[in-house]
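Here is a predicted model to look at together.

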Amino acid sequence: MRLRHKPHAIPKMQESDYIIFEAKNYKGNWHDIFRNNNEIELEIGAGKGDFIVNKAEKNPDINYLALEMNTNAFVSACEKIEEEELSNVYGIVGKAEELLDMFEDGEISKIYLNFSTPWPKKRHNKRRLSHENFLKLYQVICKRGAEIELKTDNEDFFDASLAYMEDFGMEIIEVDRDLAEENSIVTEYERKFRNRNMPIFHLIAKFK
């Protein structure tokens, strides 16, 4: 879904204390921003921030980072974080390809991939955030035994993601091909699929 261009988005986020544009400046020192040593969990492709804000509200003893490259969407996340005055969540403007520039080895405790772009054409499969190319990056920045939690409405993407993770040697903890609403943080985006009676596919995989 193409979002309307918002010329105020970047200036708005640049003024915010909750949005970080130069994440490489904090590599190895993310706990200094949160002013505690709690676990840090990362959502990649955070969109408008509904999921990560909800997680932060429910889990004040966990620190959250939300990575997004689309500033037109991410400005909404900025506004939500500011409105709730949350101290355990920050947004990062950047790309998943740059993760090794942002984080030291083992800084992240868990990764969330929610409704990532499925890139259905075979020549684009390597762009999938669940592809081996990205799993290699996640393994570096994550602690041993860290989990990846994935949700999608696209069954082909889901099956491919499951195969990528199995081939990478990850342990598959949970597979659900019709995630119950009460077991999910239902964002505005997810609500559209549920209203069409489309199943939500969900998995949790663990680095060995």
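Q: Why is Cys-78 called buried?
A: Buried means under 20% relative accessible area. Cys-78 has 0% relative accessibility, so it counts as buried.

Q: And what makes Cys-142 buried or exposed?
A: The cut-off for buried is again under 20%. Cys-142 comes out at 6% relative accessibility, and therefore it is buried.

Q: What makes strand S2 mostly covered?
A: Strand S2 spans residues 40-44, and five of its five residues are buried.

Q: Which residues of S2 lie on each side?
A: Ile-40, Leu-42 and Ile-44 sit on one side, with Glu-41 and Glu-43 on the other, and all are buried. In a regular strand the side chains alternate between the two faces of the sheet.

Q: How do you know that S2 and strand S3 pair?
A: Pairing needs at least two bridges. S2 and S3 (residues 63-68) share five bridges, in the parallel sense. Along this pairing, Ile-44 stands opposite Leu-67 in S3.

Q: What about S2 and strand S5?
A: Here, too, at least two bridges are needed. Three bridges join S2 to S5 (residues 108-114), and these strands run parallel. Leu-42 stands opposite Ile-111 in S5.

Q: Which elements make the right-handed β-α-β unit?
A: S2, helix H3 (residues 50-58) and S3 make this unit.

Conventions: Residues numbered from 1 in each chain as written. Predicted model: local features only at pLDDT ≥ 70, side-chain atom pairs only at ≥ 80, totals over all residues. Heavy atoms only, no water. Buried < 20%, exposed > 50% of the residue type's maximum accessible area, 1.4 Å probe, protein only. Helix = DSSP H or I, 4+ residues; strand = E, 2+ residues; numbered from the N terminus. Right-handed = clockwise from strand over helix to strand, strands pointing away.
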